[in-house]
Amino acid sequence: MSKKTNLLKKAKKAVSVFWNGKPHEERRLGDLYLDKTGLYKHREWRGFKDTMYYFNMIWLYNYGNMVGDIVKYGGGLKALPLFLKGVWRYRWLGQTYLPVMHWYDRGLEGMRGQALRASAWHYRAMTSETIRQFMRMLAADQRLGGSKELYDRTPAHDETVWGGIFYPWRDRMDDVPLQMIPYFVTCHVNNHTVLNYIDAAQSIGLPGDPCPMCQAECGIFLQDDVPEYYPFVVTSNEACDGSVGTSVIQDWMMDRPLFAMPQPMQFDDPLVQEHCAKEIEECWKFIEEQSGMPMNMEELKKNLEEQNELQRFEWEKWEVAANTDYYPINGVAQALYRIYQSQDGNRKIWHETDKKVKKILEKCVEKKINSFPMTRHRVIAWSCAPLYYSHWCTWAYNCWGLNCIINMDSLMFNMTIRTDTYENMLKDMALYHEWAPMRRMAVGGMNHIFELWEYMEKFHCDMVMMYDQLQCKGMQGVHGLFEDEFRARDIHAIWMPHALPDKRTVSRSEIRGIINDYMTTIMHEKPLDPTLLEFDDSEGW
Amino acid sequence: MRDLKHLIRMEDMLQQANNELVREAREEGRKAIGYTCYYMPEVLLDLPGCFSVRLRAPNCTTPTMATYYMSGRTCHYGRSLMERALEGGFNFLDAQMATETCTVTCRFQEHLQRMNIIQNPDFFVEFTDIPFKKTENSVEHYKKQLQAHVLDKLHEKFGIDTSDEALLKAIEQHNEVCRLITEIGNYRKLAVPTITGYEFSVIMLTSLTCPKDKILPMLRETAEELKTRQPDIKPGWKIKVAVAGAENDDPDFIKLIESCGALVVADRYCYGSLPGREEIVVNEGQPPLDAIARHYLNTSCCPRFMPQDLMRGRKKYLADVCREYNADGLIVESNKFCEYWSYERTIDALIIPRDYDIPTCSIEKEYINSASGQLRTRFQAFVESVELKKLHGQTAKKAD
């Protein structure tokens with residue numbers, strides 16, 4: 001009888017594992033990794049439905065679309081040889097494109113149900129937008145024999161210049177940021193690529209201590225690894241001194257018409273707004289002169305209104321994340337999608353994605369689906385994240401039940417832009433632009449840095465993951481004040497040291513070690529999945 | 001050369017921010033206004049009733065408390081100022097006129113604003129936003145900022161007269177200081193200069209850190225003295241160099257360079273006189289604040305300026321300075337963790353020798369140069385290489 005019961009139990013469990021996947025504590029995800037590379041020995045069985053979903057709607061669907069997008073955005077089948085030429089010529093291109101699916105795997109590890117679906121749509125949108133941008137670069141690239149007509153209609157700008165500045169020409173031109181794909185996206189997908197650029201910057205005498213993001217951006221130019229796709233360029237001082245320094249070196253390399261559009265540093269001062277608005281107008285004048293195309297105010301207004309729609313949905317997302325347990329987007333998808341979208345500006349793909357995610361979000365709220373049931377702590381991540389380990393949140397949830405609800409970059413652009421009058425529109429655009437990535441709540445004035453406490457309360461978080469970018473002078477310069485505040489407010493905060501894109505300074509494994517130490521020695525907690533505590537992924541993408 | 005009469009007293013005054021002349025001025029009831037950057041026009045802080053003090057933290061070698069607040073990975077200068085403030089060394093200040101012109105000094109000043117560090121009940125910190133360009137839009141913005149955050153605040157808090165007449169008076173005094181410093185500095189242009197870089201650095205720094213009216217008599221006497229000063233029969237230097245770069249308020253750094261055989265004849269660095277000691281010109285009918293704003297924006301050669309022509313123009317300015325002061329080479333320095341000058345130094349070291357054929361030595365230093373042994377080796381090697389180049393040049397000329 002007992003044998004029979006045992007067999008029945010085992011069979012029941014096998015059916016349950018087949019259908020639902022293993023319960024969280026029994027997954028042993030760390031056993032799936034190959035040593036050093038972090039590649040999988042075999043894929044995780046997430047249960048029948050989710051495994052099929054992953055295979056069809058994430059793996060196959062995205063591989064198909066990755067080819068489809070090249071053809072779609074590159075102007076037909078002729079885009080395929082052009083893409084191959086690009087891969088051959090530009091180090092970052094192939095190295096970012098080929099391991100993309102592993103980037104999905106890392107970010108979506110252990111996810112189930114609606115969390116898997118909603119987060120994957122965010123990844124899909126970023127992939128598509130990345131392909132659109134680099135195909136535009138290649139199609140206009142004079143070095144690869146690209147179209148001269150497209151070249152004339154593809155202005156370039158620093159990645160910290162908000163794409164919205166070019167809205168008045170989006171019906172005729174397509175602006176492409178210089179470093180968004182070669183640097184920013186690359187770091188997330190394949191963290192080896194950027195090291196070469198950092199070394200290149202240091203090889204001409206730049207010291208190792210300035211922000212490695214700025215160093216890497218310099219290195220891309222020093223290595224002549226930026227396509228020749230743009231007739232003129234708009235630069236910015238954002239977010240810090242290093243960005244200004246980078247502009248200096250880049251200018252010598254680019255050697256073409258350049259408009260510097262610095263933003264005021266004291267952005268809370270009402271007196272600076274008029275100055276900033278005038279800078280935007282001067283920039284528009286420069287673009288008109290360089291392109292020979294007048295502004296289209298209707299196009300500007302249309303794009304701003306569409307961008308406002310994106311913002312309004314973001315607010316809906318925050319509302320659900322802050323006040324319920326039903327938010328279906330994981331920490332890394334939330335952070336990357338939001339920073340990408342808010343900086344890039346209005347694009348069709350964001351609307352398509354938001355529509356899909358909205359459905360999932362509504363379903364989760366309506367049916368009270370908790371996508372992260374093993375949450376032990378609701379975490380808010382503050383300051384600038386390690387780009388080479390943006391998916392730490394996936395690991396932290398799987399290993400410790402630390403659920404990263406929201407992060408600083410997501411909260412940066414907390415505004416819509418009025419379009420009722422020209423003056424209001426310009427005023428709001430100026431403010432939006434001043435709140436540049438890493439500026440408003442990081443290297444900007446102290447007032448906004450400490451908004452952390454308000455957001456902690458608003459999002460009902462009980463723990464802070466305090467990013468400690470070792471080479472960010474702005475954040476290093478307030479280290480002690482944060483320490484004081486954490487103590488005074490009795491807040492559990494884990495300092496996560498990192499060097500933005502450079503994994504050699506603090507490795508992923510060291511970051512995990514720091515979190516593990518805090519969770520065991522301070523929180524006295526046991527891991528949900530002990531196989532994830534220690535593993536070597538030093539050679540991983 | 002014969003010793004300059006006031007040099008030792010001036011050296012003494014540089015030993016602490018709250019020096020005897022600052023104390024004297026405060027006893028007279030004047031307000032001490034601190035600042036850190038050239039973008040904060042000192043002339044505005046030298047209005048009758050107050051005086052400017054450009055902050056330094058001499059002899060601060062281990063900023064331990066400041067390192068807790070600002071970590072060990074920020075510029076030593078900013079941290080040293082913070083340390084000095086925490087030690088009570090800036091308690092004489094009545095206000096700090098702050099600028100966010102580089103990250104770490106900004107953070108230092110934000111700490112002054114947020115924490116109760118300066119033990120003076122009237123003390124306040126006011127930030128001014130500084131533009132990155134020199135366009136009309138920038139000038140207008142700068143003027144508005146100076147009016148609202150400097151002049152209006154000084155009037156509101158201390159009752160300082162900020163009328164045009166008062167400004168013109170301050171400009172007059174400021175211009176006299178500039179004239180004298182320029183006159184003194186011009187002796188560095190001679191084939192055999194009659195003033196050393198170290199001496200000039202002490203004089204220049206004194207003019208930045210002491211009340212102007214109190215330093216003027218000494219400057220006048222020094223200028224007079226230099227008219228008849230004779231150079232050494234056998235000068236102790238082998239080459240002449242210009243020094244450019246980041247914040248440097250340490251005359252001993254100049255002394256170190258000179259002890260290696262390189263006479264410093266031009267000082268294009270923060271706290272130096274190039275630019276910094278040009279007279280402010282007020283045209284007829286021009287409001288003095290307009291003249292001041294234009295002057296400070298137009299004369300500045302800070303690497304913070306972003307437009308293409310200014311980025312490139314800075315290199316030419318450096319080359320022109322080297323030629324005007326007959327420098328055989330250029331030393332470009334940056335403080336460790338200074339991002340602006342890390343980049344500027346790197347590009348200077350590539351462009352200046354390539355486009356202007358000026359030998360360039362690029363070094364990274366600390367605020368207080370405890371690593372002088374390493375720097376000495378670098379400077380000695382540079383002096384030798386420039387000397388060799390000169391010798392080769394002479395031999396080639398003879399052969400022609």
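**View 1. Domains of chain B.** In this predicted model, chain B consists of domain 1, residues 15-164, and domain 2, residues 233-399. The centres of the two domains, taken over C-alpha atoms, are 26 Å apart.

**View 2. The side of domain 1 of chain B that touches domain 2 of chain B.** Contacts join 27 residues of domain 1 of chain B to 31 residues of domain 2 of chain B. On the domain 1 side, the elements giving two or more residues are helices H3 (42-45), H5 (76-87) and H7 (136-158) of chain B. H7(B) gives the most to this side, with 6 residues. By class, the residues of the domain 1 side are 13 nonpolar, 7 polar and 7 charged.

**View 3. Strands S7 and S8 of chain B.** Strand S7 (residues 329-335) of chain B pairs in the parallel sense with strand S8 (residues 360-365) of chain B, over 6 bridges. Opposite Leu330(B) stands Thr360(B) of S8(B). Helix H14 (residues 339-356) of chain B carries the chain from S7(B) to S8(B) in a right-handed β-α-β crossover.

**View 4. The side of chain B that touches chain A.** Here 41 residues of chain B are in contact with 44 residues of chain A. Two or more residues on the chain B side come from each of helix H4 (64-70), helix H6 (103-114), H7, helix H13 (308-324), H14 and S8 of chain B. H14(B) provides the largest share, 9 residues. The chain B side has 18 nonpolar, 10 polar and 13 charged residues.

Note on methods:
Residues numbered from 1 in each chain as written. Chains lettered and ligands numbered in written order. Predicted model: local features only at pLDDT ≥ 70, side-chain atom pairs only at ≥ 80, totals over all residues. Domains from an automatic or database assignment. Contact = placed C-beta atoms within 7 Å. Helix = DSSP H or I, 4+ residues; strand = E, 2+ residues; numbered from the N terminus. Nonpolar A, V, L, I, M, F, W, Y, C, P; charged D, E, K, R; others polar. Pairing = 2+ DSSP bridges. Right-handed = clockwise from strand over helix to strand, strands pointing away.
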